[in-house]
Amino acid sequence: MKRTILTAASALAFVGTAQAQMQMPPLTGLYGEPTVSEVEITVDGQEPVRRPAQAVVAALGFIADLGPLQQWGIEVVKRHVVVDASMRTNLPRVFAAGDITEYPGKVRLIAVGFGEAATAVNNAAVVIDPTAHVFPGHSSEAS
Ligand SMILES: Cc1cc2nc3c(=O)[nH]c(=O)nc-3n(C[C@H](O)[C@H](O)[C@H](O)COP(=O)(O)OP(=O)(O)OC[C@H]3O[C@@H](n4cnc5c(N)ncnc54)[C@H](O)[C@@H]3O)c2cc1C
């Protein structure tokens with residue numbers, strides 16, 4: 001089954017089946033009634049092309065806003081939350097993970113955020129339950 005997810009503006013398109021083709025072309029048209037079935041993509045200097053699509057996700061850009069976090073007394077540097085190697089913030093029982101965090105050598109990538117989330121959650125678990133272990137064990141070795 002063909003699956004296309006296309007984000008407008010930054011226009012990220014996944015076209016195809018198992019071998020998803022990733023494209024970042026400008027989205028110039030939407031077609032389909034009552035739901036989208038095709039999108040039009042126009043690459044600079046080329047004729048517009050239509051591609052089958054089942055969904056369009058608008059990624060128009062958001063301005064990150066720390067909002068009420070700024071009133072919590074949390075340590076922030078250049079709009080990022082400072083954490084230690086356990087993903088602890090300066091506030092007790094408050095952890096952070098992902099792009100929002102800041103520490104020496106920080107790399108803002110999806111895989112890094114996933115790892116930080118696991119680190120944060122497992123360290124938070126011990127704070128909540130001191131009998132828990134920071135390393136929860138491998139699920140592949142669970143009986
Ligand atoms: C153009 C671009 C291309 C990228 N390409 C890649 C790539 O190819 N590979 C890769 O690994 N990484 C890539 N990245 C980085 C990757 O997107 C991030 O590392 C990842 O999305 C971080 O995930 P996150 O959950 O920490 O933050 P986000 O994905 O930014 O999620 C934070 C969420 O919090 C919401 N939010 C913000 N403020 C508030 C608030 N006050 N209240 C409630 N919600 C709020 C935001 O709307 C957003 O949904 C790219 C980033 C950009 C900008």
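## Overall layout

The protein has 1 helix and 10 strands, where helices (H or I, at least four residues) and strands (E, at least two) are DSSP runs, numbered from the N terminus. Going along the sequence, the pattern is β-β-β-β-β-β-β-β-β-β-α. Keep in mind that this is a predicted model: local features need pLDDT of at least 70, side-chain atom pairs count only at pLDDT 80 or more, and totals for chains, interfaces and linings use all residues. Residues are numbered from 1 along each chain as its sequence is written.

Of the 143 residues, 11% count as buried. Buried here is 20 or more other C-beta atoms within 10 Å of the residue's own, exposed is 12 or fewer, and partly exposed is in between, with C-beta atoms placed from the backbone. Among contacts with a separation of 6 or more, 26% come from residues 24 or more positions apart; a contact has the two C-beta atoms, placed from the backbone, within 7 Å.

## The β4-β5-β6 sheet

Here 3 strands make an open sheet in the order β4-β5-β6, with antiparallel pairing (two strands pair if DSSP finds at least two bridges between them). The edge strands, β4 (27-31) and β6 (49-52), each pair on one side only. From one strand to the next the twist averages 25 degrees, with axes being lines fitted to C-alpha atoms, for helices over the stretch in contact, and angles running from 0 to 180 degrees between N-to-C directions.

β4 and β5 are antiparallel over 4 bridges, and L27 stands opposite I41 in β5. The two strands form a hairpin with 6 residues between them, and G32 in the turn has a positive phi of about 135 degrees.

Which residues lie on the covered face of β5, and which on the uncovered one? V39 and I41 are on the covered face, E38 and E40 on the uncovered one. In a regular strand the side chains alternate between the two faces of the sheet.

## The β8-β9-β10 sheet and V77

Another open sheet of 3 strands runs β8-β9-β10, this time with mixed pairing. β8 (76-77) and β10 (101-102) are the edge strands, each pairing on one side only. β8 is joined to β9 (residues 80-82) by 2 bridges, and these two strands run antiparallel.

V77 is found in β8, and its bridge partner in β9 is H80. Is V77 buried or exposed? V77 is exposed, because it has 9 other C-beta atoms within 10 Å. Leaving aside neighbours within four places in sequence, V77 contacts V82 and E102. T101 is 24 residues along the chain from V77, and their C-alpha atoms are separated by 9.3 Å.

## The nonpolar core

The largest nonpolar core has 6 residues: V81, V83, M87, F95, A96 and A120. Such a core is a set of buried Ala, Val, Leu, Ile, Met, Phe, Trp, Tyr and Cys residues joined through C-beta atoms within 7 Å. Not counting residues up to four places away, A96 touches V81, V83, M87, T89, T101 and A120. In soluble globular proteins, nonpolar side chains tend to be buried together.

## Around the ligand

There are 11 residues around the ligand, and G67, G98, D99, L109 and I110 come nearest; to be near, a residue needs its C-beta atom, placed from the backbone, within 6 Å. The shell has 5 nonpolar, 3 polar and 3 charged residues. In that count Ala, Val, Leu, Ile, Met, Phe, Trp, Tyr, Cys and Pro are nonpolar, Asp, Glu, Lys and Arg are charged, and the others, Gly among them, are polar.
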